[in-house]
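Please look through the structure below. The paragraphs after it take one residue, then one chain, then the contact between two chains.

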Amino acid sequence: MNRSSRRRYSPRELGLAALLLAPSIAVFVAFFYRPFLNLAYWGTFESRRNGAYFERVGLAQYREELASDDFREGLWHSVQFVLYTVPPGLILGVLLAVSAHRRLRGIKVFQAIFSSTLASSVAVTSVVFLYLFNPQVGLIATDWLNDPGMAMFAVSLSSIWQNMGLAFVIVLAGLQAVPDEVMEAATLDGYGAARRLLRITIPLISPVLLFLLVVLVIHGLQAFAQIDIITGGGPVGATETMVFKINRLNRPDNIGIGAVYSVGLFFITLAVTAMQFVILERRVHYAR
Amino acid sequence: MASLTFEKVTKRFDDVVAVDALDLEVDDGEFMVLLGPSGCGKTTALRMVAGLDDITDGTLRIGDRVVNDIDPARRDVSMVFQSYALYPHMTVRRNIESPLLVRKYHADGPDREARKLTRAERNERVDEAARVLGLGELMGRKPAALSGGQRQRVALARAFVGRPQAFLMDEPLSNLDAKLRAATRLELVDLHRRVETTVLYVTHDQVEAMTMADRIAIMSAGRLQQVGTPQQVYEEPANLFVAQFIGTPPMNTMPGTVVTDGDGGTDGRAGIDVGGGRVPLPLGLATRLEEGRPVVVGVRPEHLHVTGDGPVEHKVRAVEWLGHECLVFGSIGEAPVVVRQTGMARLDTGGTARLAVDPADVHVFDPDTEQRLA
């Protein structure tokens with residue numbers, strides 16, 4: 001990055017900058033920063049007598065709840081969910097995009113089909129998968145949803161399917177930005193299909209892949225609807241992820257704990273995202 | 001090193017015939033330029049040699065080997081693309097080394113089995129390519145940090161490093177500015193002289209073709225029009241298309257009618273009537289053309305001379321003075337005609353000039369087939 005062009009701004013320029021930023025700052029303050037500070041503040045109150053009144057306990061509740069087994073369990077389930085849904089969705093999306101990125105008659109039909117998962121809502125997809133898993137009428141008639149060892153995997157399938165569509169669309173767009181001549185040069189240089197994918201295509205679309213990874217991990221950590229619809233957190237709490245637990249705690253008697261969990265999840269998400277940038281950005285090639 | 005042979009090579013895209021039964025032999029070590037306007041099929045012909053486009057019909061050989069169905073990487077040719085097609089995420093060194101990393105080579109002689117090169121062998125070849133193309137201090141940079149001319153040299157080095165049977169070049173100079181293009185033309189000729197590898201070079205720029213080629217193959221609408229040395233295609237164009245495509249400004253053409261003196265000689269009467277006077281018949285042609293035969297006459301602008309008693313009248317419309325020469329625009333009969341003169345023309349716009357032309361400089365074409373008669 002070129003820092004030598006940095007210079008001081010005049011008061012006039014600073015005033016203009018503030019003016020132009022004002023609308024977005026106002027929206028962020030009203031709908032994000034202020035609610036977030038509120039939430040963090042609630043976390044310092046402990047409910048007494050089932051939410052009849054609240055007592056200010058300061059950071060004690062944070063120390064206690066963030067170290068609790070329940071929080072750790074929720075976090076582990078969320079991590080599991082991310083590990084089950086993000087890599088397969090990403091890899092399948094990339095493979096589909098690479099195979100659909102060619103000039104063939106009727107390829108648009110396949111491109112539309114592959115991206116259709118993006119257009120289906122989480123709720124609809126979840127209901128569809130719920131029926132697929134139905135032991136009586138489902139196509140995948142298994143008892144996975146009642147098996148604590150398999151339930152998380154089963155509930156992940158619908159999200160893999162959805163992530164694949166998102167990855168497909170974005171990777172396909174990324175591939176279209178790669179010049180044909182570069183791929184042809186690689187063919188003539190002797191790169192086979194697999195080598196071409198790993199050594200040329202993937203590096204050239206790496207900015208897109210980093211973006212997808214960050215977005216999919218955040219989506220995964222925030223997953224709620226698919227779990228609520230397909231397993232309801234069961235069996236025996238095996239699929240209770242962070243947001244699922246936060247939602248369960250969203251009652252007057254537990255609202256302080258819910259706030260603590262939410263703030264905890266926020267900072268974990270922030271840390272994971274920052275880590276992805278720090279670790280992976282060095283390997284990302286931004287074409288100029 | 002090897003020859004390239006096209007035998008009735010055809011390429012159809014759906015209903016469009018891009019290359020129509022191309023017959024062309026590029027000799028071992030020859031610098032052959034495929035020249036033609038955009039859409040004439042020259043790039044498609046090149047891509048078929050590379051294996052990037054399938055061959056619809058016909059036979060393509062590299063050396064003695066038919067390569068129609070051979071994988072691009074196994075044809076042992078390398079290509080320089082118009083956009084250079086460097087790998088943006090790799091350093092210059094890595095870009096040049098890339099074919100050596102993935103391909104196998106007959107490094108122990110043609111009879112021994114092909115193998116991957118060792119690191120030392122790779123370094124030696126990369127360093128040699130870098131030295132020949134003057135890339136020394138750039139080896140650690142990425143393509144984005146290079147100028148157009150530097151990128152072009154990296155692309156050449158990458159093509160050169162594998163010591164292929166033939167270089168294929170697709171308009172490699174078209175992204176350079178005029179000055180750099182002129183300098184690179186000389187470098188390419190020089191490089192070719194040193195490596196003595198067969199080159200098939202595609203361009204729409206006749207100056208590149210004339211200055212670099214051993215032979216030029218001129219294409220139009222998917223068909224080969226003429227193959228010959230720069231001098232041959234300039235002095236004896238096979239048809240009207242070639243006549244007008246080669247040369248700037250293009251060759252003047254005018255419809256005319258043959259007038260003979262009856263006994264096959266070329267006394268004062270015989271010639272071609274072009275409306276504004278009579279152009280002399282090239283030697284030997286008078287016996288072959290009957291009186292009254294319609295023809296198309298072609299004369300290059302530099303072969304028309306302004307003289308007081310010239311046989312042809314030129315109505316002058318405008319004079320462009322370019323310093324070392326001037327172009328006189330006007331018409332003979334109904335046909336627009338340009339005259340090129342060295343120095344300054346002392347002619348008045350709106351006036352007339354008398355033009356003379358040497359019979360040896362007159363080209364005659366058939367108006368229907370557009371083929372050369374003489």
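Gly134(B) sits in the loop that runs between α3 (119-132) and α4 (148-161) of chain B. Helices (H or I, at least four residues) and strands (E, at least two) are DSSP runs, numbered from the N terminus. This is a predicted model, in which local features need pLDDT of at least 70, side-chain atom pairs count only at pLDDT 80 or more, and totals for chains, interfaces and linings use all residues. Residues are numbered from 1 along each chain as its sequence is written, while chains are lettered from A and ligands numbered from 1 in the order in which they are written.

Is Gly134(B) buried or exposed? Gly134(B) counts as exposed because it has 12 C-beta neighbours inside 10 Å. A residue is buried if 20 or more other C-beta atoms lie within 10 Å of its own, exposed if 12 or fewer, and partly exposed in between, with C-beta atoms placed from the backbone. From C-alpha to C-alpha, Gly134(B) is 55 Å from Gly310(B), and 176 residues separate the two in sequence.

Chain A has twelve helices and two strands. Their order from the N terminus is α-β-β-α-α-α-α-α-α-α-α-α-α-α. The C-alpha trace of chain A spans about 75 × 70 × 30 Å along its principal axes. Chain A has 288 residues, of which 30% count as buried.

Between the chains, 17 residues of chain B are in contact with 17 residues of chain A; contact here means C-beta atoms, placed from the backbone, within 7 Å. On the side of chain B that touches chain A, β6 (77-80) and α2 (92-102) of chain B are the elements that give two or more residues. α2(B) gives the most, with three residues.

Key: Contact = placed C-beta atoms within 7 Å.
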